[in-house]
Amino acid sequence: MERSAYIIRTHHVKKVYNPGKPDEMTALHDISVEIERGGITVLQGPSGSGKTSLLSAIGCMSRPTEGKIFVDGKDVVKLPERFLTEMRRNKFGFIFQQYHLIRSLSVLDNIVLPLCPTDLPPAEMKERALAVMDRFSITEKKKMKVKFLSGGEQQRVAIARALINNPDVIIADEPTAHLDKKLAAEFMDILAALCGENRTVVIATHDAFVYEHSLVGKIIAMRDGRLAGAH
Amino acid sequence: MIKHLKIIDYALTSILRRRNKSLAIISAFTVVVTALASILLFSNSLKKEAASLLASAPDLIVQRTMGGRHELIPTDYAAQIRKIHGVGEVNARYWGYYYDALTGANFTVLGTEGNPETLQLLEGRLPAGEGECAIGAGVANLKNTGTGGELILVDSSNTGVLYEVTGVFRADSSLLTNDLIVLSNDAIKGFFGLPPGKATDVAVQVFNENELQTVAAKVKRLLPDSRPITRTELVRTYDMVFNWRSGMMLSVFGAALIAFCILAWDKATGISADEKQEIGILKAIGWDTSEVLALKFWEGVIIALTSYLLGTIAGYLHIFVFNAFLLAPVIKGWSVVFPDFHLTPHLDPYLFFTLGFLTIAPYVASTVIPAWKTAITDPDTIMRG
């Protein structure tokens, strides 16, 4: 069977937080988008436009209230929880805005954490971790606790952790929010390298430096939880 | 298998990362387990001591009562009881209690003839004449004497009597002989001033154990002012007394355990923002709900097992090394407090299982269940707080 050009498709997705409660809030309204395999796609929009909600939904971190999400042609919305876990474990690598590292763990321990609930022997886990650490020049800091690292170093640890499972899709939420221009440029270079490995990268950002970057293949603009255009 | 070992390893790391919190919980939990272990070990050992004491007790003891009080029994009652069908040896017994004002201790004074099997000496021999005695280890210790030494007691006419100590009893069951002073029958009669033809009670041997109740009923019919007590009744009474006392203590410490579990539950349900965040991160990077719960389960097991082991060892030391100094007055009762004796350790696997079940299971449940509430939530929702 021929693989679709789109690795992810959403179909009339709606996301409502706290439904039926006084603080009910609709974060996504009727979102239908397509994300191409092997390129960089940017969800662009100001704060509160629904970028993170859409990233969570396509990354199987939350279920939409309505609509369908296809990952590799499979509708993941109705899948049982353990299949969503499988997706998060094997298909996606996440780089969060706040990095979401465990601050009291060492760099090495943070990076191998996704491999912990697998039957991979510890020696192989370490080998893989050392390979990604080497790639992002953080090997020397492997024993250091994350809380003692700079913002740029923490981000590299987060990227290393996202790649340890060798995922097809990298999802990054506001990855340059805490970086200066130089580090942001470095980050874009890393993304370029990942695209070169035929990985798909989806970024949510309001940083013009990112969405105006020459590497970006597609921009999906969002405003107030709705699509404001795609090009 | 490797996966589970790695999760256990991570659980251990998590506990060490939260060192202060973990230490506080283990300390409080250990105190609770120590209290429960002490009560269970103490009452169990006392019951075992009592059982070993009663194993050598006569099948039937016949006392005489007057106005509901224990009175001296005529020795010719023994001859009448002997005539009952199914009755073997019948012996009049002479014994009483002696309060030693000097040491503030209560001793049991027993008269004997011949070489009773139940009284095995550690050293020396049983008394043969009126000026001799054999004593328990507790008496020897308190009166600072031993085989070949002397023991001065004050008799019923308030006259000091000097006895030569001919032997000290073995401490197989210290409850049996610890506070014992054995004199010859003639000596004890003179010491307590017992009137001629009267004894303290009568010990009766019954050939068929199943006939005990029938023989007891016949004795009661034959001698209406008597009170026959079977060995079974004695065992039951001891059991009831120790069970009641230990039950009372267990109720008190059971309440402490429940309070601890409520505290643990409260702590766990109010999972800190950091811990919640960590569960969210684990789920986001591919941990399944069951794997997060396994992590929390092992964290609970490691803490509960550590506390259980420390508490059980502390309970053991408290009871068998430090002589149950915190519990003895409550469980033993006043009558056997003096002189102090060391319990022989009787370690019952069922007891340790019960203790483990009472302590480990509630704690693990009180940590896993609240974590489950967080673990079943979407990672996105957890991380948004």
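In the predicted model, Y99(A) lies in the loop that runs between β7 (92-95) and α3 (107-112) of chain A. Its phi is near 70°, a positive value in a residue other than glycine. Most residues other than glycine have a negative phi. The relative accessible area of Y99(A) is 6%, and because this falls under 20%, the residue is classed as buried. A positive phi also occurs at N166(A), where the angle is about 55° although the residue is not a glycine. N166(A) is placed in the loop between α5 (151-163) and β8 (169-173) of chain A.

The contact between the two chains was examined next. On the side of chain A, 32 residues are in contact with 25 residues of chain B. The size of an interface is often given as the accessible area lost when the parts come together. For chain A and chain B the buried area is about 2300 Å², and carbon and sulfur atoms give 59% of that area.

Polar interactions across the interface were then counted. Between chain A and chain B there are 15 residue pairs in polar contact, with both residues of each pair at pLDDT 80 or more. Two salt bridges are found across the interface. One of these pairs R89(A) with E291(B); the closest N and O atoms of R89(A) and E291(B) are 2.6 Å apart.

On chain A, the elements that give two or more residues to the side touching chain B are α1 (51-58), α2 (81-90) and α4 (122-135). Among these elements, α2(A) gives the most, with five residues. Sorted by class, the side of chain A that touches chain B has 16 nonpolar residues, together with nine polar and seven charged residues.

Confidence values were considered for the model as a whole and for chain B. The model scores ipTM 0.90 and pTM 0.73. In chain B the mean pLDDT is 83, and 83% of the residues of chain B reach 70 or more. Over residues 334-338 of chain B, pLDDT stays under 50. For this segment of chain B the model has seven contacts beyond four places in sequence. Where pLDDT is low, the predicted coordinates should not be read in detail.

Methods
Residues numbered from 1 in each chain as written. Chains lettered and ligands numbered in written order. Predicted model: local features only at pLDDT ≥ 70, side-chain atom pairs only at ≥ 80, totals over all residues. Heavy atoms only, no water. Contact = heavy atoms within 4.5 Å. Buried area = accessible area lost by both parts, 1.4 Å probe. Salt bridge = Lys/Arg side-chain N within 4 Å of Asp/Glu carboxyl O. Polar contact = N/O pair within 3.5 Å; in protein donor to acceptor, adjacent residues only side chain to side chain. Helix = DSSP H or I, 4+ residues; strand = E, 2+ residues; numbered from the N terminus. Nonpolar A, V, L, I, M, F, W, Y, C, P; charged D, E, K, R; others polar. Buried < 20%, exposed > 50% of the residue type's maximum accessible area, 1.4 Å probe, protein only. pLDDT = per-residue confidence, 0-100.
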